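I opened this model to look up its helix packing, its cores and one annotated site. My entries follow.

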Amino acid sequence: MSGKGNSFRKNIQHDTEGRPSLRKKSERKPRSYAPSGSALGSKLVKIIGLFLLILSVYFLIAFISYLFTWKEDQSYVSAANGGWHTLFKTREEFALAGIEPPVIQNWMGKVGALLAHQFIYKWFGIASFIFVGILFVIGYRLLFKVKILSIWKTLGYSAFTIIFLSLTLGFIHGFISNYPHFLEGEFGFWSNRLLAAQIGVPGVGGLLIFTLLAVLIVFFNFDFKFSSRSGQSATSQPLGKGPANLSRDEERYLHESEYRVDPVEFRLNKNKELSEEEAPATNQLKTPANLNNDAEKLRQNLTIPPKSKPEEVKDGLDFSIERSEEKPKNELITPPLTVSPIKEEKPSTADELVEKVGQYDPKLDLSSYQYPTLDLLRDYGSGKITVNNHELEANKDKIVDTLGNYNIEIAKIKATIGPTVTLYEIIPKPGVRISKIKNLEDDIALSLAALGIRIIAPMPGKGTIGIEVPNSHPEMVSMRSVLATEKFQHTDMDLPIALGRTISNEVYIADLAKMPHLLVAGATGQGKSVGINAILTSLLYKKHPAELKFVLVDPKKVELSLFKKIERHFLAKLPGEEDAIITDTKKVINTLNSLCIEMDARYDLLKNAQVRNLKEYNAKFINRRLNPEEGHRYLPFIVLIVDEFADLMMTAGKEVETPIARLAQLARAVGIHLVIATQRPSVNIITGTIKANFPARLAFRVLSKVDSRTILDSGGADQLIGRGDMLLATGSDLIRIQCAFVDTPEVEEISDFIGGQRGYPSALLLPEYVGEDGEGGIEDFDMRDRDPMFEDAARLVVLHQQGSTSLIQRKLKLGYNRAGRIIDQLEAAGIVGPFEGSKAREVLFPDEYSLEQFLDGLKKDA
Ligand SMILES: Nc1ncnc2c1ncn2[C@@H]1O[C@H](COP(=O)(O)OP(=O)(O)OP(=O)(O)O)[C@@H](O)[C@H]1O
């Protein structure tokens, strides 16, 4: 079966809210220019097309020749000799008039010379060359039935350009010469004279400039703003402060909907001849330039009868548009209003405190912190989708043909174009078994000669079968284009991660806090590290250092090293560690266990505060309803990122698996989230325990179906095309996303930008953890390295008989981290007992006398 009988239908399937939109068939104006249905008509169209093509070539040569031969042909074509009438004059007549037989130099003879003279000299000057283009475009379209440009657009643009060019050249040339010239033609010359007499020469100049700018505004929405890079303010403003600070590009991204590509629907109708006028127009991609036009057209074409019920819609599209009908005012019955007196409650102590000193501001320590700006990121790709009509139609035909070869008939086919793949959704004719289509995956891939064909049969919740075909020119999705969207800027998610763009070119933003943990897997070189960088970048663009801390584990040692510069802002580490980025397996185990301790401590805090999660806890703390003297503190989110989990599992196995599983099971409510990446998605790495606790999984391309099953519990990841093409499984859903691309230099610039600002004195210190062999714990502590305030703190806790960090913090006016370090040293020295969750530690010295003796002993040792 050939695709000859199939025609496209202009039909934007969904409006911006995803509702199907209506265009009645009857409303479509017949656009066909051939006598429909007649073979003769079709032949005639072809002949006309051929003629126009040849004519365009004739014009071209005649016009070019005119530029060289106009002087020689002047006497022949001039009005004095009769102009066009010279065509019909005989030699005798010329002789009688005393004129020598005309000598024609134009390469296209008498007619060529006369035509060129008419168009170029008499009319529009060299702008007349545009006529050649018009003839060519129309001729080509009629002959080959291939649309180069829309005819009406071509005519419109050309008419304007011809007149404008002729006038402008005439205007300029008017300063040099007082006679018409072939540059502008007589039209350009005399029009200028006429206009100059009315509004003066400066007036004509102004009019021309105005016309040019007006046209730029109408067609290109030109907005006369200078690039944001030249302006200081735009670059130094933090993200998230509203669109006013954004450059033109960024504003463009803000209107994310402009980039969404609506599906293209193909209509399968074997009996109908392919309507050429209709076909290409329907297939137009929704690039930013034509989207507005289309939306406008749609609005004009969408006429909905005021009270139409769904069954009244004649073309059978089964949807209804809900309208909220306002009731006439006089039907409203206004019940009498009784206002109960407002009870005045006495403000609680917390309210009084808030009234007096305001809410607690966790960002106060770094109040001058500037969020990274968008200009640190680069723009890759054009931001436009470049699947052309031929590719779309050819793929459609191949799919239809292949299925046709197996006697599978299709009722409808629709294409949705994404940055890297196009989704063809087909509805088979009744009676076709879905498994039959699924089995043809390889055959369709073969016929399309493309890697990475994925068949989704059936599409969940859609009642169609999806065939994803990679685009021949995939579009790179830059991180900048994703972060600049309104969707990201105004998101109210707790931990928004901008992953990239979906198949319908929509920006996909997930909330890590809700996921609540993410498993990332994919073969080497398929974009995993870029993905992790994208996650980190999104969070860095949205969060203040007070709100978020990262624990970075990088056994490969090089992948996350760029983030070292933000240690004092965003990283957390074990006390006493030099590097915040953990590369050693032993230290990873300590860190994971330390995170477990932090988790337990946070749960205790939550329990004492009688709240259920971190958000409620922090809200209570901000409103000063929790007393810092009781150990309460503002709790930042902690995101643990492990770049190569396989390596850890190989070297430490259960020692790593157990704390990870514990964290994954419990840490969600206390704001600890895990992102774990691996390039070896085998079952001994992604074990059952791990899998069970990571409902959100991100798969880049893997090499086998088995690997795909290990990650996603289904195939699909083996059919991706790499370079950031990924599948995100969130429980039941499987979404194909093109990962946003952020390059290493960009990450470096972001780290420099943040690292260059004032930070905290050190990274956030996680609780101490004593390993089984004591390594890395407080027993390692050397008494000679004790804090200068150690003795004062010891006296304080013994005096109060209360081993609490907040006591030391308050009385000695120290920061939380330092007080925490001192209490650990006191524990190591045997002055206080071990950590007991939210309770204060036990003090092991009953009075100051025994303590002084002990301290003297310490001094002597040192
Ligand atoms: N989202 C993307 N868009 C375009 N190209 C990408 C994208 N992600 C990755 N690539 C390309 O793929 C290359 C490899 O990516 P990346 O380094 O992230 O792979 P990887 O899976 O981390 O590999 P490895 O496991 O060996 O570190 C990049 O250098 C880049 O050229």
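Helix 4 and helix 5 are roughly antiparallel to each other (an angle over 145 degrees). Their axes come within 10 Å and cross at roughly 175°. The axes are lines fitted to C-alpha atoms over the stretch in contact, with angles from 0 to 180 degrees between N-to-C directions. Helix 4 covers residues 129-144 and helix 5 covers residues 151-173. Helices here are DSSP runs of H or I with at least four residues, strands are E runs with at least two, and both are numbered from the N terminus.

I noted the basis of the model. It is predicted, so local features need pLDDT of at least 70, side-chain atom pairs count only at pLDDT 80 or more, and totals for chains, interfaces and linings use all residues. Residues are numbered from 1 along each chain as its sequence is written.

Which residues of helix 4 meet helix 5? I found Ile130, Gly133, Ile134, Val137, Ile138 and Arg141. Their partners in helix 5 are Ile151, Thr154, Leu155, Ser158, Thr161 and Ile162. Contact means C-beta atoms, placed from the backbone, within 7 Å.

The unreviewed UniProt entry gives "transmembrane region" for residues 47-68, 120-143, 155-176 and 196-220. Such annotations may be inferred rather than shown by experiment. Residues 47-68 are 100% helix, with end C-alpha atoms 32 Å apart. Residues 155-176 are 86% helix, and their end C-alpha atoms also lie 32 Å apart.

Then the cores. A nonpolar core is a set of buried Ala, Val, Leu, Ile, Met, Phe, Trp, Tyr and Cys residues joined through C-beta atoms within 7 Å. Buried means 20 or more other C-beta atoms within 10 Å, exposed means 12 or fewer, and partly exposed lies in between. The largest core has 108 residues; Leu499, Leu552, Val639, Ala699 and Ala740 touch the most other members. A second, separate core of 31 residues includes Ile126, Ile134, Ile162 and Phe182.

Last, the site. The unreviewed UniProt entry puts a "binding site" at Gly522, Ala523, Thr524, Gly525, Gln526, Gly527, Lys528 and Ser529. Thr524 sits in the loop between strand 9 (518-521) and helix 17 (528-542). Gln526 is in the loop between strand 9 and helix 17. Is Gln526 buried or exposed? Gln526 is buried, with 25 other C-beta atoms within 10 Å. Thr524 counts as exposed, with 10 C-beta neighbours inside 10 Å. Leaving aside neighbours within four places in sequence, Gln526 contacts Phe700, Arg701 and Gly722.

How values were computed: Angles under 35 degrees count as roughly parallel, over 145 as roughly antiparallel, 65 to 115 as roughly perpendicular and the rest as oblique. Two residues are in contact if their C-beta atoms, placed from the backbone, lie within 7 Å.
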